[in-house]
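User: I am new to this structure. Can you walk me through how to read a few of its features?
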Amino acid sequence: MDPEFIGELFAPFGAVTLRRMFGGAGIWSDGFMFALVFDGAIFLKVDEASIPDFEREGSRPFVYTRAKSPGKIGRASLSYWRLPERLYDDPDELAVWAGRALAIAQRKKVAPRGRAGATTATTARKRTRNENGRSGK
């Protein structure tokens with residue numbers, strides 16, 4: 001898709017930028033990727049609460065393959081769903097959907113990711129034991 005077209009499409013939402021990635025492009029606003037373009041279609045970031053709205057519109061999740069070889073089965077992304085067709089002709093409603101996708105991207109960026117980002121009591125005990133010369137196992 002043409003970057004100028006993307007800019008015009010999202011104009012009521014605000015300024016957006018495109019960054020090429022994995023055969024498509026990410027659509028960014030305020031440092032957050034809230035949508036992507038792939039094979040001429042736009043996909044918005046979703047969460048569990050927004051997916052039913054996309055389903056009611058007859059939308060489908062973004063599907064990708066991990067390798068470009070025959071026989072590889074596409075996998076649905078749980079993070080991005082196709083922009084409903086009617087929104088291409090309704091810029092004000094598109095701005096609402098884009099705003100929700102941006103809010104989802106912002107929440108996902110700051111949300112802790114399981115055990116990797118958090119220090120648990122168990123981790124703290126292991127560190128203390130290791131500092132005292134004992135095994136942390």
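**Reading loops and a strand residue**

Analyst: Start with a loop. D30 lies in the loop between strand 2 (24-29) and strand 3 (32-38). Keep in mind that this is a predicted model.

User: What is the phi of D30?

Analyst: Phi is a backbone angle. For D30 the value is positive, about 55 degrees, although D30 is not a glycine.

User: Is D30 buried or exposed?

Analyst: Exposed means over 50% relative accessible area. D30 has a relative accessible area of 65%, so D30 is exposed.

User: Where is D39?

Analyst: D39 sits in the loop between strand 3 and strand 4 (41-45). Its phi is near 50 degrees. That is a positive value, and D39 is a residue other than glycine.

User: And is D39 buried or exposed?

Analyst: Use the cut-off of over 50% again. D39 counts as exposed because its relative accessibility is 70%.

User: Now a strand. Which strand holds I27?

Analyst: I27 is found in strand 2.

User: Why does I27 count as buried?

Analyst: Buried means under 20% relative accessible area. I27 has 0% relative accessibility, so I27 counts as buried.

User: Which residues is I27 in contact with, leaving aside neighbours within four places in sequence?

Analyst: Look along the chain on both sides. The contacts of I27 include I6, F10, V16, T17 and L18. Among them are also F32, M33, F34, A35, L36, V37 and I42.

How values were computed
Residues numbered from 1 in each chain as written. Predicted model: local features only at pLDDT ≥ 70, side-chain atom pairs only at ≥ 80, totals over all residues. Heavy atoms only, no water. Helix = DSSP H or I, 4+ residues; strand = E, 2+ residues; numbered from the N terminus. Buried < 20%, exposed > 50% of the residue type's maximum accessible area, 1.4 Å probe, protein only. Contact = heavy atoms within 4.5 Å.
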